[in-house]
Amino acid sequence: MMNFLELVTLLASYNDKVSKVILDNTPRNAKYTSHMIQKKILHIIANKVRHKIREDIGDSKFCIIIDEARDESKREKMTIALRYVDEKKIIKYNFFDLVHVQDTAAITLKQEICIVLSRYCLDVQNIRGQGYNAIEIANMLAIDELETGKGLNQIGTVKRVGETHWSSHFSSVCSLIRMFDTTCFVLENIIESSSNYYIRGGAVATYKKITSFDFVFILHLVKEIMGITDILCQHLQQKSQDIVNVMYLVSSTKTLIQKLRKDGWDNLLEVVKEFCEKHNIEVLDMDSPYVIKHGSHQHIDFNKEHHYWVEIFNVAIYSQYFKLNSRFNERTIDLFTISSVLDPKDAYKSFNIDDTCCIGEKYYLFDFTD
């Protein structure tokens with residue numbers, strides 16, 4: 001309400017007619033500033049914007065970008081944006097609609113998209129630029145390369161504000177691996193068809209990077225590490241915490257990270273090689289020397305397997321373990337665990353006088369007398 005009134009006041013300072021009609025010379029019941037009137041005005045403006053976008057698209061092809069969202073009441077929504085080229089040959093990217101949906105299953109979203117587009121006479125057959133087609137997706141589903149269900153098959157999504165603080169974005173990494181061919185196909189289309197040199201150059205650089213052994217190796221390494229830490233991340237996001245359970249998760253996560261460092265190398269390397277062969281990416285000879293370049297000078301200290309195993313695999317895993325251990329060392333875990341006796345839940349059901357005294361004796365020795 002306040003934002004709307006502030007905008008009206010600002011407009012009135014530039015427009016005498018608005019000032020006279022809305023702010024000065026009208027009865028309070030005819031100022032057009034009520035909540036209901038606000039909604040009607042915004043609805044009219046939104047429709048005018050959508051009709052202008054529809055007019056700009058005409059009978060041309062266009063791209064559609066869909067994302068899931070949730071409002072404060074946890075109701076699911078679907079945002080729709082359109083990307084197209086107008087009559088002046090300028091690429092436009094415009095928000096088009098926000099639709100409430102019962103769920104975010106593929107069939108529900110498809111129906112709602114068709115309803116919105118048909119409302120403005122936009123032909124579904126003119127949708128282009130998604131980087132995949134129905135036959136390709138059907139084939140991927142048939143060979144179990146693609147999963148179905150809520151929130152799946154997205155290379156990346158804009159994370160909700162409440163989920164970005166702790167989330168490891170594990171699902172985004174998994175989606176990129178599943179949709180790797182599609183991602184490459186999109187980049188190839190941009191390289192071949194884009195008239196913008198800057199965009200084309202960025203697509204060339206990105207395509208070269210993601211089709212390298214380095215990228216594939218690190219992508220799968222990140223997936224392995226996040227696969228271990230993701231459950232802990234999800235629990236740490238919850239508003240109501242079971243402290244004891246979370247501390248057990250911290251300990252088990254540390255153990256699994258150490259196990260990955262000790263036993264995970266051979267399996268990871270095999271998975272990376274299979275992925276590269278499947279997607280026609282050159283597989284490096286791990287026994288060949290790793291050349292380090294310093295300007296015009298080169299020297300060889302070890303082979304490529306040592307580089308990827310010791311300098312990337314071990315270092316990345318140790319870094320994650322070190323960060324986790326620095327936040328949750330043994331003393332911190334112990335304090336959190338025994339402090340659970342002070343949890344007021346269920347009328348202090350967990351309260352134990354001996355454990356409470358233990359807290360004082362171990363951690364607050366000088367704050368309490370005998």
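The model is predicted, so local features need pLDDT of at least 70 and side-chain atom pairs count only at pLDDT 80 or more, while totals for chains, interfaces and linings use all residues. Residues are numbered from 1 along each chain as its sequence is written, and side-chain values use heavy atoms, with hydrogens and water left out.

Me: Why is Thr229 called buried?
Reply: Buried means under 20% relative accessible area, exposed over 50%, and partly exposed in between (1.4 Å probe, protein chains only). Thr229 has 13% relative accessibility, so Thr229 counts as buried.

Me: Where is Thr229, and what is it in contact with?
Reply: Thr229 is in helix H9, residues 213-237; helices here are DSSP runs (H or I, at least four residues), numbered from the N terminus. Leaving aside neighbours within four places in sequence, Thr229 is in contact (heavy atoms within 4.5 Å) with Thr253 and Ile257.

Me: What makes helix H6 mostly covered?
Reply: In H6, residues 170-178, seven of the nine residues are buried. Among them are Val173, Cys174 and Leu176.

Me: How do you know whether Asp266 is buried or exposed?
Reply: Asp266 has 58% relative accessibility, so Asp266 counts as exposed. Asp266 belongs to helix H11, residues 265-278.

Me: Why is Ile199 called partly exposed?
Reply: Ile199 has a relative accessible area of 33%, and partly exposed is the class between buried and exposed, so that is the label for Ile199. Ile199 sits in helix H8, residues 197-210.

Key:
Helix = DSSP H or I, 4+ residues; strand = E, 2+ residues; numbered from the N terminus.
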